[in-house]
Amino acid sequence: MWLSRFRALPRPLRMLLLASFINRAGMFVFPLLAVYLVQSRQLSVGQAGALISVGSTGLLAGSLLSAPVCARAGRRAALVSSLLLNAAGYLGLAVIDGPPWTYAVLLFVALVGMGMFAPAANTLIADLTEPEQRPFAYTVSYIANNLGMGVGPLLGGLAAAYSYHLMFAGNILLGVVAAVTIRLCVPADTRRPAATTHGTTGRIGLRRDLDVAVVVVVSFCFVAPLIGLEYTLPLAVTGVLASSVAVVGAVYTINSLVVVAAGILIERRIKAYPTRTLLIVAGLLWSAGMAILVFAFSLPAVLLSTVVWTLGEIIASVVVPTYIADHVEQSRVSGFMALNGFVLSAARLVVPLGLGLVWQAQGHQPVFYLLLLTPVVGVALFAVLRIRPPAPTRPAPTELATTRP
């Protein structure tokens, strides 16, 4: 059933999903960047952390840059540029032996590329799909990215054990393969210029866009716990529970397994419920997962919590971009997808710093309480916010443009 639905997606979209998997599977460098800077470039742990923080502002810049590049040069150009920027930055990190500030600049360039990719890909999915296909398309995209992320760190670790140059070469090579796949298989113009929606001009259009923007910004409440767990869970497992880092690897494995096993099942039920209900359920699942950590912190609790919050992660990750694509004029979709990427990038900068300060001052327990409180606040906000039903559309009289392939 899901295979026939996948085949029904436009071929350029299927190739985009393949390229996304290749790109994520080639993400060798980023998970091991701190180790590389300390062991190969002889920086201190503090210097490495500072450089990564400074370079990570590239994620924010890339998220913001994605929208104008998509609008002016096209979605394909934005995707290819993002992958080549990432490859160029990592190439510099691999071969240039300079002062520490040069590593921050090169990392900034690489992460600008990384930050551009997801908003541009989500915009392209909105272009290539009909409204009834979008939840499935975003679900498959999410699964492809998670499968790649499950493979990438493992392959990167094996490559780094042999040689850091091999680690960088593998990342760059697969990024270039993904760029070539997109360049050859995705048309230059993917927009549907004749498609319109009712009631989208003037105050009504502005109010609608503001409603969508608020939903995207409030989704920070479901992004922050994810970034917080990436930062705090390894510390808690190895420090508080005095367990092996293998448990942390098990968390990532369980997360990927749940995404693959439950993603399509959840998507098949998403269309039966309104957006508000789905976002509240996502928040309740996040809250339940965090509550398990707060009130029963142990190794089994960590694994059970991962299963529960991953279900909430799946729902939110599919619903938010689908909501954007369904409610925003096509000319502005790239800007709202960029805002969605900006929320994630901002969380990557703010959340680890804030939780680190709390942990240092008061220990791990207040950190877990904050991780529980954040999705609870999200549930309360989504319960009262204006969340619009799907807008009616007038079908375009022409087929999807595929000129200048």
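1. Which residues form one aromatic cluster? In this predicted model, the cluster is formed by Y36, Y90, Y164 and F168.

2. The count of aromatic pairs comes to seven, and one of them joins Y36 and Y164 in an edge-to-face arrangement, with 5.4 Å centre to centre and 70 degrees between the planes. Because Y36 belongs to helix α3 (residues 33–39) and Y164 to helix α9 (residues 164–185), this pair ties together parts that are 128 residues apart in sequence. Y36 is buried, its relative accessible area being 3%, and Y164, with a relative accessible area of 18%, is buried as well.

3. A further pair is that of F295 and Y369, whose ring centres are 6.4 Å apart and whose planes stand at 85 degrees, so that this pair too is edge-to-face. It links distant parts of the chain, given that F295 lies in helix α13 (residues 275–295) and Y369 in helix α16 (residues 364–384), 74 residues apart. As for accessibility, F295 counts as exposed at 61%, whereas Y369, at 43%, counts as partly exposed.

4. Turning to the cysteines, the count of disulfides comes to zero. C70 takes part in no disulfide, and the nearest cysteine sulfur, which belongs to C185, is 18 Å away; the cut-off for such a pair of sulfur atoms is 2.5 Å. C70 counts as buried, with 0% relative accessibility, and C221 is likewise buried, with a relative accessible area of 10%.

Notes:
Residues are numbered from 1 along each chain as its sequence is written. This is a predicted model: local features need pLDDT of at least 70, side-chain atom pairs count only at pLDDT 80 or more; totals for chains, interfaces and linings use all residues. Side-chain values use heavy atoms; hydrogens and water are left out. Buried means under 20% relative accessible area, exposed over 50%, partly exposed in between (1.4 Å probe, protein chains only). Rings of Phe, Tyr and Trp (its six-membered ring) pair if their centres lie within 6.5 Å; planes under 30 degrees apart count as stacked, over 60 as edge-to-face and the rest as tilted. Helices (H or I, at least four residues) and strands (E, at least two) are DSSP runs, numbered from the N terminus.
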